[in-house]
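Here is a short report on surface, salt bridges and helix packing. Keep the coordinates open while reading.

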Amino acid sequence: MSNINLHTLQQSAIELLKQLISTPSFSKEEDKTADILKSFLEKHGVPVKNVQHNVYARNAHYDDSKPTILLNSHHDTVKPNKNYTLDPFTPIEKEGRLFGLGSNDAGGPLVSLIATFLYFYNRTDLKYNLVLAASAEEEISGKDGIELVLPHIGNIDCAIVGEPTQMQMAVAERGLMVLDCVAHGKAGHAARNEGENSIYKAIKDIEWFQSYQFPKVSDLLGPVKMSVTVIETDNKQHNVVPAHTKFVVDTRVNELYTFEEVLEVIHKNVACEVTPRSTRLRSTSIAIDHPLIKSGVALGRTYYGSPTTSDKALMPFQALKMGPGDSARSHTADEFIYVEEVKEGIELYIRLLEKIL
């Protein structure tokens with residue numbers, strides 16, 4: 001904004017982050033932080049709209065004839081790690097660190113994107129529109145988060161998704177598909193060699209999930225990874241051959257396969273019943289020659305493939321995941337972000353977009 005300099009934006013972003021830390025905002029309970037964000041933007045002269053707990057705004061000179069860049073991050077948090085030694089809702093600044101729940105994931109990226117949006121808000125010479133969206137339910141991949149608000153925003157050409165990446169560029173992201181598998185047998189008495197043991201049938205399929213290698217390996221994300229993480233039977237007695245054995249497969253898909261292609265291979269190779277819980281969190285990638293990536297490379301940023309999922313998976317357009325903070329601190333006890341990381345994040349976001357806008 002013409003009347004706000006960079007230093008002022010950085011300081012106001014840090015104060016906003018402290019407010020967000022002080023206000024519990026677990027997934028589906030983000031109403032109070034939504035109010036804080038709305039009030040903050042309105043105080044800066046920005047008209048704000050909301051869809052449930054999602055808050056969004058357009059730049060002052062939004063023009064339907066121009067392409068649009070979405071700036072998005074989330075304001076919900078997980079519940080505090082049980083090993084916290086500090087009050088998770090008290091923002092404590094110590095030795096350059098700002099402690100508090102959601103400081104790193106994703107309060108720091110969110111306030112940095114808000115400051116960036118304000119920096120460009122009143123500009124009349126932009127080649128792109130900017131839309132800011134602070135979304136809900138990211139931590140639970142809820143359906144009342146970014147998916148709910150996107151139809152209200154209008155056409156989006158590309159996005160920056162604020163997550164802690166140390167301001168490096170996550171250009172690809174693994175998809176997540178959780179599979180519920182059931183091996184069917186026939187109950188019988190264990191002493192009399194009766195029935196068909198569903199555990200033995202499940203073991204054969206589990207061995208396939210463990211050993212099978214999908215041929216296409218991504219340079220950014222590596223191979224498709226399938227991990228059996230839960231196993232149980234419907235049996236409560238030691239002397240009964242179980243009729244059903246259930247197991248869960250955590251499937252992380254690279255950008256070279258669709259979920260449908262992966263499921264087709266699985267169905268051809270296992271005997272058990274396989275049901276995906278969801279096919280929403282798809283693998284995504286943004287072209288290396290995209291203007292956002294070229295701009296980042298010119299600023300000395302590196303790019304990589306991210307093993308974790310984000311709201312990027314729910315966007316039907318190309319998106320870059322990038323933000324201050326470190327994903328290794330996310331969901332940890334005594335979560336923190338360096339104050340300098342937020343300041344540098346704002347400056348880098350502005351420089352990244354300046355080359356394009």
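Tyr200 sits in helix 5, which spans residues 198–211. The model is predicted. Is Tyr200 buried or exposed? Its relative accessibility is 54%, so Tyr200 counts as exposed; the cut-off for that class is over 50%. Tyr200 also belongs to a nonpolar surface patch, together with Ile199 and Ile203. The accessible area of these three residues together is about 280 Å².

**Salt bridges**

How many salt bridges does a search of the whole structure find? The count is 14. Three of the pairs are tabulated here.

| Pair | Closest N to O distance |
|---|---|
| Glu173 and Lys321 | 2.8 Å |
| Arg192 and Glu194 | 3.0 Å |

Glu147 counts as partly exposed because its relative accessibility is 28%.

Next comes the salt bridge between Glu173 and Lys321, with the closest N and O atoms 2.8 Å apart. Here the partners are in strands: Glu173 in strand 8 (residues 169–173) and Lys321 in strand 17 (residues 318–321). The pair therefore ties together parts that are 148 residues apart in sequence. Are these two side chains in buried or exposed residues? Glu173 has a relative accessible area of 0%, so Glu173 is buried. Lys321 is buried too, with a relative accessible area of 3%. The limit for buried is under 20%.

Arg192 and Glu194 form another salt bridge, with 3.0 Å between the closest N and O atoms. Arg192 is exposed because its relative accessible area is 54%. Glu194, at 33% relative accessibility, counts as partly exposed.

Salt bridges also occur as a network. Glu15, Lys18 and Glu93 are linked in this way.

**Helix packing**

Helix 7 covers residues 291–298 and helix 8 covers residues 339–354. The two pack with their axes 8 Å apart. At what angle do they pack? The angle is about 120 degrees. Helix 7 and helix 8 are therefore oblique to each other, since angles of 65 to 115 degrees would count as roughly perpendicular and those over 145 as roughly antiparallel. The crossing of helix 7 past helix 8 is right-handed.

How values were computed:
Residues numbered from 1 in each chain as written. Predicted model: local features only at pLDDT ≥ 70, side-chain atom pairs only at ≥ 80, totals over all residues. Heavy atoms only, no water. Patch = residues over 30% accessible without salt bridge, like charges linked within 9 Å, V, L, I, M, F, W, Y side chains within 5 Å. Areas by Shrake-Rupley, 256 points an atom, 1.4 Å probe, with all protein chains shown as cover. Salt bridge = Lys/Arg side-chain N within 4 Å of Asp/Glu carboxyl O. Helix = DSSP H or I, 4+ residues; strand = E, 2+ residues; numbered from the N terminus. Buried < 20%, exposed > 50% of the residue type's maximum accessible area, 1.4 Å probe, protein only. Axes fitted to C-alpha atoms, helices over the stretch in contact; angles between N-to-C directions. Parallel < 35°, antiparallel > 145°, perpendicular 65-115°, else oblique. Left-handed = near helix turned anticlockwise from the far one by under 90°.
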